[in-house]
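Please look through the model below with these notes beside you.

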Amino acid sequence: MSSTPRERSGHVIVCGLHGVGLRTVEQLHLAGVPVVVVDDDPDPRLTRTVSAWGIPLVRGSSRATDTLLDAGLPGATAVVCVEPDDLHALETALLVRQLRPDVRLAVQLSNPAVGRAVADVTGPGSVIDVAALAAPSVVEACLRRRTHPIDLGGEEFLAAEVTADADGTLRELFGDLAPIAVVPSEEAELVVCPGRDHRVRSGDRIIALGTRPDFVGRGIRIPKDIREAPERPSRRAVFTIRTFVRTMFRETDRSLRFTLTALLTLMALSIGVLLVGYRKPDGSHMSLLDALYFTVETVGTIGYGDFSFAAQQVWLRGYAVGFMITGAMLAAISFALLTNLLISKRIAESLGRRDVGAMAGHVIVIGLGAVGIRTVEGLLAEGREVVVVDRDENNRYLSQARALKVPVVIADATLPQTLQAVNLHSAAAVAVLTSDDLVNIETGLSVRDQLGERWGSVPVVLRLFDRQLATTVEHSFGFDHVRSTAALAAPWFVGAALGLDVLGTFYVEHQPFLIAALSVATGGGLDGLAMQGLSARTRVIAISRAAGDRALEHPPRSGTRFGAGDRAYLVGPYEELLQVLRRDALSPAQIGGSERS
């Protein structure tokens, strides 16, 4: 190596190699940005990976001044702190800001209050919450959302999925709407950022971007989110009664069920005995209503003097003695057990463990970590009922979930009885979000097995870190919604380090897309470049001109040229946008040299 990290300049320091750290290093490396990694206890497997990329690794605590100096902090252009512990990240961020007040800084913090406090010290946009970035993608998958609202310079745009109703080019069918992707109706690969002259067939799904008036002007109805179809009132009522009875039978303990059954059997027997053997003063038999009334009166130990066993036959009076003792005893036991049940359920509710037996159309969130609780908050904001399953009864987020009045079941979600207890058979979606890839796969397969015929109609979102493993699971087991929090969050850290303003991320099929804004550098590689000079897998949505009133130009034409100071809004796979950013950082002469080499 020609120089030690301490002597380097123009590089990015990444503190922390676990989780999103490796993805950030990978994307910076792919973009051609020099990187130095700092980690005091790196995983040997990850160490081998970054070594294979030729990236120097400084072993030591990022909270130590000497370690940061060894990593070349004086010459660094940016520092990305993705330590897994908030305290470590906080210490590192404050130390970096103290040593280099002018350096770009991006720090991962999961506590919102701490994040806001650190942002006041380190500057706006420097604090990134990975869970807050990843949760919206999980919520969208659970709700099967097909529209993605995007704010570009204060104007609302929509990325919406529409279906082609005829054969033709994208220009013929959708006019000026910007095509982001085409999902062919036949078994074919996803087409990323196709040109407007790309031909599609009837039934192909197109993800197009534009303003709401743009869609309306083309006569295109913006698709609404797919939700559970409402049931007819009669069916809903039958379902509710059946569910209530089934739930009451399951939730009451065995002793209460036995006692109530014995009491009801005794009352039914007594009604029959009274109908046959009881005689009124005029010698007539009791009516059914009178028999029921006298039975309840006797069991309740209430005497009004209207009926009495005193003048009845000896055998009936003997029966009455046993009936009053047994009935009073069974009634007392039933009231005691019922009171215990109500108090127990009330205590459970106060601890956040509400009854989930009667829920239907709810979302099951498995794994109550940082991503899990943010997903729960997002689903509640959409008006959905949520049930949480987690193994750890000491989970730090339990109190937060209980404050949201979300039922939490402490159990192993890989067990069939746990999935039955949370009414998987009537759930609308499942999100498996623990921090362990193997546990998530095992849980996802258990969910698939229990869903049976509903597997294809219920979204099951699976969180996986390893990209290759995610691809294998998608193809081998048929999971359509595999999400990587690291893959979703890494572009935000890379953007913060390189000056790319990331505005949002979303998935089309299995391909993550990035929406970002870029200010064109004076004399940079984009200054004076025409739109068609960009990668074919990148789409320019709009431009805000530096020379004008900063109003958005959309859609820009292919012959439009970038100008210094313009703010360009782009969409595409993050690898492509990073290449655009790198191109802007180079001069035209440097670009020509790199292309010839």
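**Notes on helix packing and the main pocket**

1. Helix α6 (residues 130-142) packs against helix α18 (residues 485-498) at an angle of about 125°, and their axes lie 9 Å apart. Helices here are DSSP runs (H or I, at least four residues), numbered from the N terminus, while axes are lines fitted to C-alpha atoms over the stretch in contact, with angles from 0 to 180 degrees between N-to-C directions. The two helices α6 and α18 are therefore oblique to each other, given that angles under 35 degrees count as roughly parallel, over 145 as roughly antiparallel, 65 to 115 as roughly perpendicular and the rest as oblique.

2. On the α6 side the contact (heavy atoms within 4.5 Å) is made by Val-130, Leu-133, Ala-134 and Ser-137, and on the α18 side by Thr-485, Leu-488, Ala-489, Trp-492 and Phe-493. Sorted by class, this contact of α6 with α18 has seven nonpolar, two polar and no charged residues, where Ala, Val, Leu, Ile, Met, Phe, Trp, Tyr, Cys and Pro count as nonpolar, Asp, Glu, Lys and Arg as charged, and the others, Gly among them, as polar.

3. A word on the source: this is a predicted model, in which local features need pLDDT of at least 70 and side-chain atom pairs count only at pLDDT 80 or more, whereas totals for chains, interfaces and linings use all residues. Residues are numbered from 1 along each chain as its sequence is written, and side-chain values use heavy atoms, with hydrogens and water left out.

4. Helix α16 (residues 437-451) and helix α17 (residues 467-477) pack at an angle of about 15°, with axes 12 Å apart, which makes α16 roughly parallel to α17. Asp-437, Ile-441, Leu-445 and Arg-448 of α16 meet Leu-469, Val-473 and Phe-477 of α17 in this contact, which by class has five nonpolar, no polar and two charged residues.

5. Helix α4 (residues 86-99) and helix α5 (residues 112-122) pack at about 10°, their axes being 10 Å apart, and α4 is thus roughly parallel to α5. Leu-90, Ala-93, Leu-94 and Arg-97 of α4 make the contact with Val-114, Val-118, Val-121 and Thr-122 of α5.

6. Which residues lie nearest the centre of the largest pocket? They are Gln-108, Ala-370, Val-371, Ser-435 and Arg-463, out of 34 lining residues. A pocket is an open set of points on a 1 Å grid over the protein atoms alone, where a 1.4 Å probe fits, with protein on both sides within 12 Å along at least five of seven lines, and lining residues have an atom within 4 Å of a point. The elements giving two or more residues to this lining are α6, α13 (370-381), α16 and α18.
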